[in-house]
Amino acid sequence: MRNWLFGVAAASLIFGLAQADKAAAFERVGDRKVVVFGGRQQIPVLDPHVRYDWSTRMMQQAVYDALVKYEGNPAQIKPWLAERWEMSEDGKTWTFHLVDNAKFHNGDPVDAEAIRYSFERGLKLNKGVAWMLKDFLDPGSIEVVDSKTVRFNLKTPYSAFLSFLPWWYVVNPKEVKANEVEGDYGQKWLTDHAAGSGPFKLKRWEPNVLYEVEAVGDYWKGWPQGEKNRPGGVIYRIIREPAVQKAALMRGEADIVEGLTPDDYVQIAKQKGIAIQDHPGMTTFSIKFNTQQGPTADKNLRKAIAYALDYNGLLQIYNGAAKLQTSPFPDAIRGYVNIPGIPRQDLAKAKEYLAKSQYPNGGLTLEYYHVAGLEEARRIGLLLLDNLAPLNIKVDLRPEQWPNMVAKGSKVETSPAMTSVYITPISTDPDAVAYQYHPNSYGQYFAMSFYKNDAVTAKIDEARRSSNWDARAKLYAEIQSQIVEDQPEVIGMMQDRRWAMRDYLKGFSFSPVRFTGEVDLYPLWIDAK
Amino acid sequence: MSSIDMPAVAPEIPGFRERHASTIRQWRLYAHLFAGSFSSMLGLGLVVLFLVLAIFGPVLAPYPEDTLGAVKLGQRLLGPSFAHPFGTDEMGADILSRVIVGARTSLWIGLVITGIGAAVGVPLGIIAGYKDGIVRAVIMRITDLFLSVPGLALALSIVAALGPGIMNCVIALSIVWWPGYVRLVQAKTLSVKEELYVESARALGARTPWILWHHILPNCMTPIVVKASMDMGMAILSAASLGFIGLGAKPPHPEWGAMISVARTYMPDWWWYSAFPGLAIFLTVLGFNLLGDGLRDILDPRSRGR
Amino acid sequence: MISFTFRKVAVLIGTMIGLAALTFLITNVAPGDPARLVAGPDATNDMVETIRVEYGLDRPLIEQFAIYMGDLFTGNLGRSIVSTRPVLDELARYVPATLELVLVAMALGILVGVPFGMLSAVYRDRWLDQITRILSISGVALPAFWFGILLQLFFAVRLEWLPVSGQLSLTALAPEPITHLLLVDTLLRGDFETFREALSHIILPAVVLSFPCLASILRVNRAEMIEVLQSDHVVAARAHGISSTRIVTIYALKNALLPTLAIIGLRFGWMLGSTVLVETVFDWPGIGLYAVSSALASDFKPVIGVTLVIGFMFMVTNTFVDLAYAWIDPRLRSAQ
Amino acid sequence: MTALLTIQDYRLDIPTFDGALKVLDGIDLALDQGETLGIVGESGCGKTVLARSILGIGPAKGKRVSGSMTFDSVELDHLDEAGWRRIRGVKISMIFQDPMTYLNPLFTIGRQLSDVVVAHKRAKGERLPSRAEQRKRCHALLDQVQIRDFERVVDSYPHQLSGGMRQRVLIAMALAGEPQLLIADEPTTALDVTIQAQILDLLRDLVDRLGLTVVMISHDVGAIAAIARRVAVMYAGVVVEQGMTNDILTQPRHPYTQGLLAALPDIEGGHQVLESIPGTIPNLIHPPSGCRFHPRCPRATEICTAQKPVARNIGADHVVACHHALD
């Protein structure tokens with residue numbers, strides 16, 4: 001009887017074991033290799049006029065084209081659907097001439113009407129990218145001159161106009177209209193379908209799992225890596241755990257991953273067959289003070305905190321893969337100037353400023369909000385907590401969900417004393433950064449300081465209307481030094497953009513204007529048998 | 001007070017041992033049965049160890065400042081060594097110290113959740129068991145509503161709405177914890193209510209609160225004690241689970257679940273970071289479960305083997 | 001029987017309504033603003049307002065509640081603000097994956113838990129029993145998320161026996177759905193390669209999910225076996241010369257299965273709750289993962305939807321357990 | 001001629017937390033082929049433990065301290081699982097007290113009965129019967145215990161039958177293996193009075209017809225008298241008196257037997273039986289010294305507390321263990 005019973009037990013154990021799964025080197029479709037990107041963030045909505053974030057825009061860039069495209073480091077605007085363009089004398093009229101051979105995936109030509117419709121759609125939906133242009137461009141003010149020429153008539157001159165156009169993707173109006181439901185401009189359909197002209201077209205769309213795009217063999221602009229080398233497609237696979245991302249990369253189940261911890265990059269770089277992409281980025285980290293309410297309305301207190309922070313600690317938290325800011329503007333922004341005397345850790349100075357403040361002996365507790373789950377922000381909070389102890393200032397670390405944090409920061413009454421934010425300027429034009437300090441931005445997450453300096457406001461307004469670069473550059477230099485003086489935030493550092501990838505992945509092209517994590521999938525290819 | 005007549009002391013009161021002979025025998029029997037079970041003793045040992053850590057934690061921790069958020073970036077992510085038996089974390093803090101001090105947080109979590117659960121659930125259960133009609137119907141309907149969906153799923157939505165943080169975790173888990181006690185106590189009350197001595201007490205005109213306090217509650221104590229012991233562990237585990245999802249304790253407060261939530265990104269190269277807090281959760285929950293299991297074995301005569 | 005069914009359905013509907021109301025209120029106590037999240041980091045206030053209006057979030061809470069409850073009766077669970085899709089469609093996509101995972105885990109729990117519970121009872125207080133006892137209590141005490149990562153690192157990363165996560169490897173295509181359960185569909189379509197794929201992917205998450213359930217089943221089955229083995233009819237069967245093996249595996253087991261069934265029903269619901277952890281660790285595209293990612297984005301319509309689905313599945317399971325009870329126990333059958 | 005069943009100086013302890021229960025204290029019994037022996041005594045006197053020990057299904061924690069049981073020259077105490085399988089049901093069989101709890105509630109009567117039939121065939125090393133044969137055999141067995149509506153009973157579950165029917169089924173099961181020795185443990189106690197008589201009639205009829213060797217256990221002297229030719233009286237784990245039923249009923253020699261018989265009219269209520277004897281059954285962890293009955297015995301003297309009385313022959317086949325046996 002015992003033997004029999006043990007038999008049952010053994011059988012039930014063996015039941016659980018299946019055959020070993022062999023690790024695949026890389027995925028293939030037919031004889032073409034497929035690039036696998038392992039990312040942590042999902043892509044819920046693909047519609048280019050509704051939503052964007054790094055993962056979404058990476059896919060949008062893959063399946064859609066825009067009039068122009070950012071490429072290279074430093075980022076430059078390259079002609080794309082538009083082969084050339086002109087700006088009128090007064091800076092209010094822009095005319096774009098389209099290439100002849102561009103066509104949508106279904107074969108329709110990309111014509112001026114498609115451009116007009118796409119911009120009108122983006123503005124009318126008033127979602128996603130709309131904010132970039134809606135103050136300057138009315139939906140009805142885009143003219144189709146002829147089938148290959150389109151003209152934009154701005155309300156006021158806007159020097160940064162061109163710098164936003166790479167993010168305005170062009171959809172095929174015929175397809176979108178065919179799939180319109182109750183006048184929704186095809187929003188429902190475009191959520192998980194595409195009507196683009198880009199180098200890839202959608203193949204599989206499994207929300208929360210993976211998104212696969214297939215290379216367009218006869219892409220109108222050709223393939224930079226050559227027809228022979230171009231991949232069969234790209235799979236964007238969602239892998240939420242960094243440990244699993246690493247494992248997938250090591251096993252070759254993913255060819256490139258993003259979002260590992262700083263320590264992971266150091267560790268994984270030592271592995272054979274792994275290459276690290278490490279580039280100075282444009283994303284700034286700062287700790288925004290509420291400059292209008294609470295203790296941090298006191299400029300001397302803000303200065304004291306800024307001088308107490310261990311800036312080298314910031315770099316250490318990133319294992320050195322970061323660069324301290326020397327201005328509120330990131331280095332890659334046009335018109336950036338180095339501001340001398342920007343605060344660095346100096347306890348004597350910190351105490352000096354504290355003594356001048358309304359809290360000469362400290363004895364207060366300040367909240368520090370960060371996005372729940374953002375590791376580095378949490379660690380910087382710990383660092384701050386440690387650094388402010390000598391000033392007898394306590395720090396209350398508050399992890400919070402992003403939407404809730406933004407909601408808090410949208411009103412001056414509820415905006416926390418200190419909030420850590422990462423900001424990636426959407427373009428390389430200085431206005432994209434400077435406008436954060438304009439009262440019109442109040443309510444936005446990057447304006448949680450509720451910074452108010454009328455002189456600065458006036459200069460920002462003046463600079464964005466001027467089309468004379470030299471005049472603008474001078475204004476921006478003044479703006480930068482005034483912001484450092486007013487200390488509406490702890491001006492922190494710019495973290496490097498990093499990806500870990502297999503060394504057989506070629507064609508990686510970095511451009512600082514893209515978001516952290518975002519990669520231009522178009523030139524990638526796999527160089528292996 | 002002084003006006004109360006003290007009963008005259010009888011000249012020959014039998015000794016304590018004689019008077020309480022049956023009680024003493026009962027307890028000796030419990031002790032004997034308990035000590036005879038390896039797993040129960042293991043549970044007791046683990047729980048005692050946990051309590052010692054919770055009470056004396058800050059004294060025992062080798063680097064107490066590390067539990068308050070000291071930053072020592074020079075010694076980040078060191079492996080286990082003599083100076084740091086459990087290694088150090090990403091801020092250079094000693095993991096052993098944080099695990100030790102984390103015991104107090106966990107004890108607090110377990111006590112509060114179990115305590116609130118019992119404090120709300122037991123009275124409701126007794127009332128639902130003792131009263132008929134609409135009162136019972138209402139209480140049990142609401143209880144069933146809460147029990148119709150797994151607690152963790154419900155707690156998740158509550159914390160998600162309230163926002164992350166240990167306090168919110170505790171609130172959420174307390175909200176989903178009490179119905180279990182209502183069910184347990186209501187069933188027990190229903191059966192005790194029918195017992196002869198309760199019937200006779202009622203016939204003799206005892207008031208309801210008196211009956212509830214003197215007859216019903218003591219009879220419900222055994223299952224409550226067993227459940228509470230198990231729940232201590234499960235509450236700690238649930239809070240750690242929420243911590244893992246990213247809804248747990250806020251830094252620099254050492255809490256095991258939150259530590260793992262951070263540490264999981266450091267797997268597998270810095271295994272010690274997640275291994276030791278994980279082990280601490282595991283052993284604590286194991287301890288309370290073994291203890292509860294052992295208690296049930298000896299307190300519930302039905303399952304007693306001898 | 002008809003009144004019995006009717007009562008069940010009435011309770012089900014009542015509970016669903018209660019659950020919907022409960023979760024709706026719970027998730028709306030805090031001032032989370034999902035509209036801001038989906039509007040994007042740079043959106044201006046009026047753009048956020050556009051989205052609020054589109055999703056009715058600008059209306060008073062009581063009105064939102066009335067609308068939601070009204071829609072519920074037409075089977076409309078609202079729209080996810082993150083994905084813009086109807087929650088019902090999304091659930092239809094994610095439920096089968098969860099169901100499959102839970103069913104496999106449950107099968108594992110029963111197939112291991114019942115025999116070991118039996119063995120433990122037969123060899124009571126011997127070493128096998130002591131080890132089983134500690135192991136089974138460990139099963140309940142193990143933090144599922146931690147255990148899952150450990151297994152992942154060991155079996156997938158170190159030994160490379162099993163895939164790390166997901167439901168299928170990247171280029172494997174799921175067959176045309178019949179039942180929407182991957183393992184069943186691949187078999188029905190005769191696609192054994194994909195079946196093997198799917199099986200190797202489901203093992204680790206199923207093991208992690210089944211562990212606490214296995215432990216409970218084992219413990220209950222052991223306790224019941226011990227009681228049944230001491231019962232009169234087992235004594236009688238032994239006296240009549242029926243072999244111990246037959247007594248244990250047929251006579252006593254059937255009796256012990258009744259309480260075990262109850263715990264299986266209970267644990268089924270519990271497992272559905274644990275999917276929020278296990279699916280997160282293993283990137284399993286089911287409702288648990290859906291609930292977590294929605295909750296973290298303050299997107300509450302999906303969270304309510306998942307709660308309703310879990311509650312629904314839980315109640316259906318309990319109905320099945322009731323039926324199984326009657327099937328096993330003739331006394332209940334004739335009582336109806 | 002050697003006896004079919006011999007029990008010699010059998011002592012059994014059951015260890016508990018408070019100490020060992022000395023349940024059986026030196027039992028000596030012998031039973032010849034074809035004999036019918038009744039064992040009578042109060043509940044808790046150890047008669048059921050004794051009967052079950054014969055079949056190796058005594059208390060799980062019970063420990064034999066000394067003595068032996070031999071059946072048909074087989075040492076019962078040294079049997080393993082396989083050895084028991086050749087005894088249980090086919091050589092020694094048992095009828096139980098409460099037919100409700102002794103039948104498995106989840107299986108049909110037919111299933112349980114044919115399982116027993118199959119088990120016996122296997123134990124005897126014979127060819128296993130086919131389904132039809134099993135059914136035929138079940139039919140015959142139920143017929144033997146005077147169950148006429150075979151078709152209904154065979155597909156019924158225990159709860160669907162009356163107490164008397166269930167007991168008949170249990171008897172049929174016990175007889176299925178054509179055992180040499182039948183142990184009947186309180187076969188009528190749990191039944192209605194009218195049914196009791198029917199079952200006793202059936203049993204007596206079967207004993208006569210099949211020439212069974214029987215050990216019948218009961219606290220009901222009347223039931224014993226109806227079946228058993230010889231009787232043994234047990235008190236607190238000791239056989240105090242044994243002999244021919246007639247002799248003992250008419251001429252009890254042990255004070256305890258006398259008390260037992262004095263209570264005879266009170267046949268229905270098990271517990272009131274011994275009200276005529278003052279005191280209660282002793283604590284078996286610390287049993288009274290000497291004669292275990294002495295604290296309740298009207299004739300007790302000093303010797304009774306000091307010395308355990310030895311069983312002695314006081315007539316033809318009449319043994320008593322008492323220092324002051326009645327005349």
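Reply: In this predicted model, chain D has a radius of gyration of 20 Å, which agrees with the value near 20 Å that a compact globule of 327 residues would have. The C-alpha trace of chain D spans about 70 × 45 × 40 Å along its principal axes. Of the 327 residues in chain D, 46% are buried. When contacts in chain D between residues at least 6 apart in sequence are considered, 63% of them join residues at least 24 apart.

The secondary structure of chain D comprises 11 helices and 12 strands. Eight strands of chain D form an open sheet with mixed pairing, and their order is 6-7-8-3-9-10-12-11. Strand 6 (92-95) and strand 11 (312-313) of chain D are the edge strands of this sheet, each of them pairing on one side only. The partner of strand 11 of chain D is strand 12 (residues 318-320) of chain D, and these two run in the antiparallel sense over two bridges. Within this part of the sheet, D:Arg312 stands opposite D:Val320, which belongs to strand 12 of chain D.

The domain assignment gives two parts. Domain 1 of chain D consists of residues 5-91 + 183-320, and domain 2 of chain D of residues 104-178. The centres of domain 1 of chain D and domain 2 of chain D, taken over C-alpha atoms, are separated by 29 Å. Where the two meet, 12 residues of domain 1 of chain D are in contact with 14 residues of domain 2 of chain D. Helix 7 (residues 193-210) of chain D gives the most to the side of domain 1 of chain D that touches domain 2 of chain D, contributing four residues. By class, this side of domain 1 of chain D has seven nonpolar, two polar and three charged residues.

A record also bears on chain D. An unreviewed UniProt entry carries the annotation "domain: ABC transporter" for residues 5-261 of chain D. That span is 38% helix and 27% strand, and its end C-alpha atoms lie 27 Å apart.

Turning to the other chains, the domain assignment of chain A gives domain 1 (65-178), domain 2 (198-273 + 503-526) and domain 3 (281-495). Between the centres of domain 1 of chain A and domain 2 of chain A, taken over C-alpha atoms, the separation is 28 Å. Their contact takes 11 residues from domain 1 of chain A and nine residues from domain 2 of chain A. On the side of domain 1 of chain A that touches domain 2 of chain A, the residues divide into four nonpolar, four polar and three charged.

Chain A also meets chain C: 57 residues of chain C are in contact with 53 residues of chain A. Several helices of chain C give two or more residues to this side, among them helix 2 (34-39), helix 5 (87-122) and helix 9 (192-229) of chain C. The largest share of the side of chain C that touches chain A comes from helix 5 of chain C, with seven residues. By class, the side of chain C that touches chain A has 34 nonpolar, 16 polar and seven charged residues.

Note on methods:
Residues are numbered from 1 along each chain as its sequence is written. Chains are lettered from A and ligands numbered from 1 in the order in which they are written. This is a predicted model: local features need pLDDT of at least 70, side-chain atom pairs count only at pLDDT 80 or more; totals for chains, interfaces and linings use all residues. Domain bounds come from an automatic or database domain assignment. Two residues are in contact if their C-beta atoms, placed from the backbone, lie within 7 Å. Ala, Val, Leu, Ile, Met, Phe, Trp, Tyr, Cys and Pro count as nonpolar, Asp, Glu, Lys and Arg as charged, and the others, Gly among them, as polar. UniProt positions are given in the numbering used here, feature names are shortened, and annotations may be inferred rather than shown by experiment. Two strands pair if DSSP finds at least two bridges between them. The radius of gyration is taken over C-alpha atoms; the globule rule is 2.2 Å times the number of residues to the power 0.38. A residue is buried if 20 or more other C-beta atoms lie within 10 Å of its own, exposed if 12 or fewer, and partly exposed in between; C-beta atoms are placed from the backbone.
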